[in-house]
Amino acid sequence: MRVMVINGPNLNMVGVREKGIYGTRSFEDICSYIKDEAKKRNIQVELYQSNIEGEIINQIHKCYYEKFDGIIINPGAYTHYSYAIHDAIKSVNINTVEVHLSNIHAREEFRHKSVTAAACVGQICGLGEIGYILALDALKELVVKK
Ligand code: DQA
């Protein structure tokens, strides 16, 4: 089973940016954690991060052409306004789980709405990096059921 993990803008700065919200663990460390947990679950993961909307869209399309079984995406601030990322997720017809480190519902009003979540099978937020692992487990269940 192959899963693409896509992180959007500014997530590469986790561990440096707003530590009170995103924690002190570095992005590289979170990526290693995801890789280790995926290995334990016998899931092949590819990790991708970009600060550029079009590159994120290209990566979603790649999942279709390369026949990935699932996508985990944290679109960063694009979550709140990128109809293009919403459409890209819809286009590929691959089970996609949206993850946010922080609880977007407990923050500024503009973060309460996700325009990308409606294109996903579900959303996990507020649980820090554990969210990515819960998403791996969810995708595994969904792929088995298919
Ligand atoms: C985020 C939440 C977004 O509102 C914010 O713009 C981010 C990170 C999260 O993981 O909590 O960059 O997606």
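The lining of the largest pocket divides into six nonpolar, six polar and three charged residues, where Ala, Val, Leu, Ile, Met, Phe, Trp, Tyr, Cys and Pro count as nonpolar, Asp, Glu, Lys and Arg as charged, and the others, Gly among them, as polar. The lining comprises 15 residues, of which R17, Y22, G76, A77 and R111 lie nearest the centre of the pocket. The volume of this pocket is about 160 Å³. A pocket is defined on a 1 Å grid over the protein atoms alone as an open set of points where a 1.4 Å probe fits, with protein on both sides within 12 Å along at least five of seven lines, and lining residues have an atom within 4 Å of a point. Grid points are joined across faces, edges and corners, and the volume is the space filled by probe spheres set on the points.

The model is predicted; local features need pLDDT of at least 70 and side-chain atom pairs count only at pLDDT 80 or more, whereas totals for chains, interfaces and linings use all residues. Residues are numbered from 1 along each chain as its sequence is written, and side-chain values use heavy atoms, with hydrogens and water left out.

The largest nonpolar core contains 22 residues, of which V3, I72, Y132 and L136 touch the most other members. Such a core is a set of buried Ala, Val, Leu, Ile, Met, Phe, Trp, Tyr and Cys residues joined through side-chain atoms within 4.5 Å; buried denotes under 20% relative accessible area, exposed over 50%, and partly exposed the range in between (1.4 Å probe, protein chains only). At least two residues of this core are supplied by each of β1 (2-7), α2 (27-40), β4 (96-100) and α5 (130-145), and the largest share, six residues, comes from α2. Helices (H or I, at least four residues) and strands (E, at least two) are DSSP runs, numbered from the N terminus. Another core, of 17 residues, lies apart from the largest one and includes I6, I60, F68 and I71.

Residues up to four places away in sequence being excluded, V3 touches I43, Q44, V45, E46, F68, G70, I72, L136 and L139, contact being defined by heavy atoms within 4.5 Å. V45 belongs to strand β2 and is partly exposed, at 24% relative accessibility. With neighbours within four places in sequence left aside, V45 contacts V3, V5, K35, A38 and L136. The C-alpha atoms of V45 and M1 are 8.6 Å apart, with a separation of 44 residues along the chain.

R41 occupies the loop between α2 and β2 (44-49) and counts as buried, because its relative accessibility is 18%. Beyond its neighbours within four places in sequence, R41 is in contact with I133, L136, D137 and K140.

N10 is partly exposed at 40% relative accessible area, as is E18 at 43%.

The structure holds zero disulfides, a disulfide being a pair of cysteine sulfur atoms within 2.5 Å. For C31, the nearest cysteine sulfur, that of C63, is 15 Å away; for C120, the nearest, also that of C63, is 12 Å away. C31 is buried at 13% relative accessible area, and C120 is buried at 12% relative accessibility.
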